[in-house]
Amino acid sequence: MGQTLSGYVTGRLLQAIPLIFVVMTINFILIHSAPGDPIHLLIGEGGAASEELIEQTRAEFGLDRPLHVQFVSYLGNVLQLNLGFSLRYRQDVFDLIMSRLPASLLLMGTAFVVSSIAGILLGLYAGTRKDTIADRIAVILSILGYSMPVFFLGLIMLSVFSIQLGWFPAQGMYDIRNPQTGWGLVKDVAHHLVLPVITYSAFQLALIFRVTRVKMQQVMTEDFIITARAKGVSDRRVVFRHAVPNTLLPIVTILGLNLEWLLAGSVLTETVFAWPGLGRLMFDAVSARDFPLLMGLFMVISSFVIIVNLLTDVLYRAIDPRVSFR
């Protein structure tokens with residue numbers, strides 16, 4: 001027997017608690033098992049720092065204590081919403097992540113909307129025109145978008161549209177040499193956003209297109225579609241009233257997976273285009289072996305993935321009442 005929506009959400013949130021604990025444990029072990037000493041990176045590896053300064057700095061950040069003591073301390077701080085203090089930036093980790101989050105959400109949200117709308121519309125169009133020239137061209141382009149690495153596509157976009165043609169800026173979120181305000185700032189950010197969004201959404205667009213196209217082609221051969229056409233129902237009504245609703249569940253699944261990947265997979269795109277978001281922040285944290293910042297970022301990303309999975313399951317029930325909460 002199915003649960004109510006509130007009971008299902010409460011149960012999933014309770015299940016997320018041990019899951020987050022496991023993720024935190026694995027992240028802590030992996031990060032602290034990596035070779036190298038973050039203190040040397042923090043104060044320099046040239047040998048000028050005295051051993052006393054090194055030990056003092058290590059004690060300042062609590063890195064001189066046993067790992068199990070550090071882990072217990074970290075868990076206690078997380079329960080108080082204290083993600084620690086960044087070794088590189090000398091800032092509170094939570095505040096640092098929140099300051100970079102809007103840039104990532106802008107890039108991620110724009111790429112998600114563009115890839116979702118374009119992928120679904122192209123998939124529906126190609127799915128109703130099987131084996132036509134338009135269908136085959138769309139399939140070829142989707143294979144290119146699906147198989148091309150993000151960093152390679154980003155470098156191509158930079159080389160062609162920024163360096164050679166000069167149509168778009170190469171890096172950053174806005175022009176720091178000529179700062180704008182108001183509507184000018186909006187246009188400046190939008191201008192900088194074009195190339196990262198195209199690069200970021202290419203893979204998702206191709207994936208959504210392929211799933212939508214295949215599912216649409218399957219639905220168009222079902223008996224209820226054939227019956228509707230035999231009754232004289234117009235093609236437009238057949239597609240949007242009968243076929244499209246039956247393709248939504250797999251599309252919602254892919255959209256949920258894409259939304260998870262967008263935040264977790266932003267490192268390459270934001271690094272190539274120097275976009276000041278969480279992906280670039282993670283790259284800098286890895287380079288500096290900034291333990292607190294890395295664990296804070298992994299915590300935020302893990303929580304985001306859990307929430308997206310929950311919302312995806314709730315959408316299943318909203319789209320198809322036959323799906324029960326279990």
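The lining of the largest pocket comprises, by class, 15 nonpolar residues, 1 polar residue and no charged residues. The structure described here is a predicted model, and in it the volume of this largest pocket comes to about 390 Å³. Of the 16 residues lining the largest pocket, Ile20, Val78, Met299, Val300 and Ser303 are the closest to its centre. Two or more lining residues are given by each of helix 1 (5-33), helix 4, helix 5 and helix 14 (291-319), and helix 14 gives the most, with 5 residues.

Helix 4, which spans residues 67-79, also holds leucine 75. Leaving aside residues up to four places away in sequence, leucine 75 touches Phe21 and Met24. Methionine 24 and leucine 75 are 51 residues apart in sequence, while their C-alpha atoms are 8.5 Å apart in space.

A further packing arrangement involves helix 5 (residues 93-127) and helix 13 (residues 278-288), whose axes lie 8 Å apart and pack at an angle of about 135 degrees. On the side of helix 5, the contact is made by Leu96, Ile97, Arg100, Leu101 and Ser104, and on the side of helix 13 by Leu278, Gly279 and Leu281. By class, the contact between helix 5 and helix 13 has 5 nonpolar, 2 polar and 1 charged residues.

Methods. Residues numbered from 1 in each chain as written. Predicted model: local features only at pLDDT ≥ 70, side-chain atom pairs only at ≥ 80, totals over all residues. Heavy atoms only, no water. Helix = DSSP H or I, 4+ residues; strand = E, 2+ residues; numbered from the N terminus. Contact = heavy atoms within 4.5 Å. Axes fitted to C-alpha atoms, helices over the stretch in contact; angles between N-to-C directions. Nonpolar A, V, L, I, M, F, W, Y, C, P; charged D, E, K, R; others polar. 1 Å grid on protein atoms, 1.4 Å probe; cavity = no way out; pocket = protein on both sides within 12 Å on 5 of 7 lines; lining within 4 Å. Points joined across faces, edges and corners; volume = space filled by probe spheres on them.
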